[in-house]
Amino acid sequence: MTSDQAGVPRDEPKAGVDLALWRRLWSFTRPFSREKRRLVLFAMGTALFDTALPWVTKAVVDDLTTAGASLPLGRYAALYAFLTLGLASCVMGFINSGGALRTGVSFEIRRAGFRNLQDLSFSFFDRRPVGWLMARMTSDCERLTNILAWGLLDLVWGFSVMSSVTVVMFLVDWRLALTLLSVVPALAWVSRYFQRKILSSSRVVRKINSKITAAYNEGISGVRTTKVFVRESGNADEFSRLTLDMRGASVRNALQSAVYLPLVLVLASLASGLVLGVGGSRVLAGAIPLGTLVMFLAFCHLFFDPIQELARLFAEMQMAQASAERVLGLIEEQPAIADSASVRANIANQTASARPADIAVDGGAAEIGVIRFEGVSFTYDGGQEVLRDFDLEVHAGETLALVGPTGGGKSTILSLLCRFYEPTSGRITLDGVDYTDRSLAWLQSQLGIVLQTPQLFSGSIAENIRYGDLEASDEDLHAAARLVGAEQFILGLDEGYATQVGEGGGKLSTGEKQLLSFARAWLKSPAILIMDEATSSIDTETERHIQAGLAQVLTGRTSFVIAHRLSTIRSADRILVIKDGRITESGKHKELLDLGGHYHELYTSQSLRETGQQPGAWDE
Ligand SMILES: Nc1ncnc2c1ncn2[C@@H]1O[C@H](COP(=O)(O)OP(=O)(O)OP(=O)(O)O)[C@@H](O)[C@H]1O
Ligand SMILES: [Mg+2]
């Protein structure tokens, strides 16, 4: 299988239908056995009524030629009405149950996908762009469920029609049956060949189309940059190349359809012609009645419809196999970081018996004392080593600040601490116990995290703060907002705490989002507080306001603070300068200044001196 740059399988038609793959997808229809049963019954019913109608026509024609005027017209009219009504009800039934099956399966697949995506580790998301994941769970999922539900219908209906027609044909006249069937292999081959061609060229059209959409999007949203760099004509050239490609692919696609459909018509006419020739001479010879010939002519069309449908279905299944693999891959992917078997066993043992307050869910100590990085090395996904043989010991209640040049590895150290990633070698211990021997959920429940790009969720401001502690009262919530200095801006909004923040907090400024995520972390009252550039977008005035609250938050709490602004960290218990994944300097503010190294350089650089010289609440 070929891959694009994201390491993602491309949508190439594979030889043959991969039954094992479709069986795995089929398992998602398990909760819908009632819908499936109904769909199968209605499809078979439709096929039977489809076959019965020409048979009745035959009876009418035969009666006409023999009985003449004494034909029981009323009886036949009633029979026709009954068959038509039956057919209509079956069609209604299968559309209804097919729709129910399709939406149900789609729901199941999306739910399974969403649930698994929530569990997967960060390293998984590093390798896959969000847009790619969204496309899997929306358009791929839609396509697969359509194939599953309507494919079942096509299969059952197609095979029922073909077998009932075949049975009736052989019952009535085997010679004519063989005449009609002689065209089937050619039709099957033509249909299969062209369906694959048509599907693969429409895939090219779709692909170019999405490129065009992206080009429109970039062209419109980036129009300012384009103008500034005078790239209008270059962009227009690129765009017209895309549209030319689109025209070529669309014309190819149209041409294939233009050849296929007439070919099918020709073959169907050939079958009708053969049946007319052979059947006509048999009617003349008095071997069969006229009605039989009429019935066979109707069967010609009835027989060819399912062949076309089934060819389309198999081609679609082959084309969609790459989608199926991707969707199943997402649903079945195991998180790289999860509780080990022994931890799961410990958790199971714990919940069975009453647990003292100082014991956590996994049977270990409930509180975290000393945290140690012991010879930790780390690479992201086999790339360059970001940390090498890194040692660090942090005691309970200590406030540790990390500073250093961009890309030095500060955020990586905190990600390892949160167990978003695990060390490639070496270990991280909590009071001497390797943290991979503790429950992941328990560890993360001990952490309060405030990031540079804070993640809020759609909902109100109050809901977003309460995310930290769902049980918190309104008073606690307001106190948290006040403490971090967020209350002023919240009360300034039209609806105060009830204001909707929009998707991802889009209606708020970055600084406001940081304040809210501060309040959220504070409300959680975590044992360990982790702040990565948490105040980078907050103005110095507001930041000073936060300092007082922060001092309260940090006392007695183990904290890790990354900040470029020195005012946030000068009173930390220990400051580490991290450079190329190593600690190059370590000590208190004053000690590091006296050292005259990187920290001193940072401090004396313009922006830092400005903020550093303003006396903040943290100043000694
Ligand atoms: N998800 C990732 N996948 C691959 N490489 C990464 C990933 N995140 C960070 N890196 C790389 O790891 C190195 C350390 O990055 P890290 O984010 O820890 O630096 P930092 O000290 O926090 O920098 P900054 O001050 O800019 O936030 C960088 O070279 C970066 O390119
Ligand atoms: Mg960082």
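A charge sits over a ring if NZ of Lys or CZ of Arg is within 6 Å of the ring centre and within 35 degrees of the ring normal. This is a predicted model: local features need pLDDT of at least 70, side-chain atom pairs count only at pLDDT 80 or more, and totals for chains, interfaces and linings use all residues. Side-chain values use heavy atoms, without hydrogens and water, and residues are numbered from 1 along each chain as its sequence is written.

Q: What makes Arg438 a charge over the ring of Trp442?
A: The charged end of Arg438 is 3.9 Å from the ring centre of Trp442.

Q: Why is the pair Trp189 and Tyr193 called stacked?
A: Rings of Phe, Tyr and Trp (its six-membered ring) pair if their centres lie within 6.5 Å; planes under 30 degrees apart count as stacked, over 60 as edge-to-face and the rest as tilted. Here the centres are 5.3 Å apart and the planes at 10°, so the pair is stacked.

Q: Why is the pair Phe296 and Phe299 called edge-to-face?
A: Their ring centres lie 6.4 Å apart and their planes at 65°, so the pair is edge-to-face.

Q: Why does Trp189 count as exposed?
A: Buried means under 20% relative accessible area, exposed over 50%, partly exposed in between (1.4 Å probe, protein chains only). Trp189 has 57%, so it is exposed.

Q: How do you know that Phe296 is buried?
A: Its relative accessible area is 0%, so Phe296 is buried.

How values were computed:
Chains lettered and ligands numbered in written order.
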